[in-house]
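My notes follow in the order I looked things up.

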Amino acid sequence: MKKQITIVIAILMSAGLYAQTGKTSLKQINENSKSGNFKDIFSSFYRLATENLAGDNKYIEINTTLFALRSNANPDLLKDYNYKKAKFSRNFKFDFKVSLDSTFKYSGFTGGFTIALINDRDKTLANFTGTELDSKFTTNMSGALLTVQTNLTTTIVSNTTLSQENKSVALDSLNQAVKYILDPGKTNLTGSTNPYVSQVLAQLNPLIAAQNSTAIDGTPITDRDGLIKDIDDLQTQYYNLFDSKALWTVSADGSADTDGKFNKASFGTIFLKGNKTAWNEIDIRAKLAYSDTVATGSLPRLNFNGTAGINFKLFKAEHEKSFFEAKVALEYSSILRNAMATEDKDKFLGNAEIRIRLMDDLWIPLIVKYDVENANFLGFLNISYNFGGFKKT
Amino acid sequence: MITISVTVSGGTTPLPIKLTIDNLDNQHDVKISKDGSFTQDFDLPGGRYMIVVSGMNPLGGSTEISVSGTFTSGPMPDSTSTTNNQFYSVLFYGEI
């Protein structure tokens, strides 16, 4: 059993680490706009925890989707017509965690899976056809660029002093200039060493000015800088709307002790749904847990825990990234089997959780619970690091 | 006859893919809009052609464009281009 687990983990680790070489520039925008609440549940393709590897209790953890593994074996799955069909594997996430003692000897195993039954937050399936973004990019930007590309291509290929090879080099430079101009991250184009950047802009800017269009903030668009900024603002705004769409997951997990015997299992479900501006989010969770870990003989226990609350995003900055989140919830827990004499079988709590984002993926959550029946406060500080999402490109 | 193939990977294209085949010496141009990957043949008369494919990549995704066929010159600067930029407008030139 232990050997089999080790082999499976080694294979998954190899596949996962190989796959993490994917490009990340666009993904980063996606990741930055997500809330910490969402990240904890389903956003990451990979979460490889290396916490405490130097201590006495070490563990290695892999967290991936079935699609990430399948697309490593068959890259054709990434093509749009296959990608759309692979709904189940894109929404099926599983994880394994192997614990090791101080001599790196197996000391425990945890595994589980999560299925997103509703996942309207998948930004890779976005469709902005017919929106203002479509109009601004397809008509205003691409339409004007096409005129400039035609003019400059005609000039290049009609130049009888240029060899075929030099014409090809010039056309490549023109392509590079257009790529540069269409990059919203490039704001100072005058420093480019590519001569076609200035030549394209010299023709493009008057065409854009003649369109007499306005940005979403109402300011007139007079040149490439104004138009590409407006296009960037629009796509950011549209993608952020995904963060408030519905997400419903069900999950199951189990763990084994040092002898390889399973001693814990749980089944859970989570539902999230925000409003259109993503300033708050309904958060409903339920979990049924079985455990057999009491030291004095076998005493299997069955617990139910359910919470219903609202998560508030506060102090959002550029690109709608939240820096402070607060969550208030009501919690009900019940020991359905083998409650101890000193325990309350049922418990009602009022919870408050505050998360502060220190870095892109580093949150400090402070959780405070209030026992409604016994009027007790319990607060504790928990620090978690999310290694960010992964998707092979 | 020439063949143009566009393959989107890592998601679906957020905006339609626009294909323009521009005959540089007359107004007999071809303009097509597609909602996803495609491969299409074009039977074009002799002449100088600029081919431009523009669109928007899926978040974290990429698009591969290839142009092939019976060109007397080209396609230039390359017959294939792969872009992972969020927005793209890639041109090819060839003579038939």
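**Entry 1: Terms and ground rules**

I call two strands paired if DSSP finds at least two bridges between them. Helices (H or I, at least four residues) and strands (E, at least two) are DSSP runs, numbered from the N terminus. I count residues from 1 along each chain as its sequence is written, with chains lettered from A and ligands numbered from 1 in the order in which they are written. The model is predicted, and local features need pLDDT of at least 70, side-chain atom pairs count only at pLDDT 80 or more, while totals for chains, interfaces and linings use all residues.

**Entry 2: Strand 9 of chain B**

I began with B:Ser73, which stands opposite B:Glu95 in strand 9 of chain B. Strand 7 and strand 9 of chain B pair in the antiparallel sense over two bridges. Strand 5 of chain B also pairs with strand 9 of chain B, antiparallel, over nine bridges. There, B:Val53 has B:Val90 as its bridge partner.

Is strand 9 of chain B enclosed or open? Eight of its nine residues are buried, so strand 9 of chain B is largely enclosed by the rest of the structure. Buried means that 20 or more other C-beta atoms lie within 10 Å of the residue's own; exposed means 12 or fewer, and partly exposed is in between, with C-beta atoms placed from the backbone.

**Entry 3: The five-strand sheet**

Five strands of chain B form an open sheet in the order 3-2-5-9-7, with antiparallel pairing. Strand 3 (30-34) and strand 7 (73-76) of chain B are the edge strands, and each pairs on one side only. Neighbouring strands are turned by 10 degrees against each other on average, direction ignored. Axes here are lines fitted to C-alpha atoms, for helices over the stretch in contact, and angles run from 0 to 180 degrees between N-to-C directions.

Inside the sheet, strand 2 (residues 17-23) and strand 5 (residues 48-56) of chain B pair over six bridges, in the antiparallel sense. B:Leu19 stands opposite B:Val53 in strand 5 of chain B.

**Entry 4: The four-strand sheet**

I found another sheet in chain B. Four strands form an open, antiparallel sheet in the order 4-1-6-8. Strand 4 (38-42) and strand 8 (80-83) of chain B are at the edges with a single partner strand each, so one side of each has no neighbour in the sheet. The twist averages 10 degrees from one strand to the next. Strand 6 (residues 62-69) and strand 8 of chain B pair over four bridges, antiparallel. B:Ile65 has B:Ser81 as its bridge partner in strand 8 of chain B.

**Entry 5: Where the chains meet**

How many residues of chain A are in contact with chain B? I read 42 residues of chain A in contact with 38 residues of chain B. Contact means that the C-beta atoms of two residues, placed from the backbone, lie within 7 Å. Helix 7 of chain A gives the most to its side, with eleven residues. That side divides into 16 nonpolar, 14 polar and twelve charged residues. Ala, Val, Leu, Ile, Met, Phe, Trp, Tyr, Cys and Pro count as nonpolar, Asp, Glu, Lys and Arg as charged, and the others, Gly among them, as polar.

Helix 7 of chain A lies across strand 2, strand 5 and strand 9 (87-95) of chain B, at about 150 degrees to strand 5 of chain B. Helix 8 of chain A packs on the sheet, touching strand 7 and strand 9 of chain B, and makes about 165 degrees with strand 9 of chain B.

**Entry 6: B:Asn85**

I looked up B:Asn85 in the loop between strand 8 and strand 9 of chain B. B:Asn85 is buried, with 20 other C-beta atoms within 10 Å. Leaving aside neighbours within four places in sequence, B:Asn85 is in contact with A:Lys179, A:Leu182, A:Asp183 and B:Asn57.

**Entry 7: Confidence**

I checked pLDDT, the predictor's confidence in each residue, from 0 to 100. Chain A has a mean pLDDT of 79, and 75% of its residues reach 70 or more. Over residues 1-34 of chain A the pLDDT is below 50. Where pLDDT is low, the predicted coordinates should not be read in detail.
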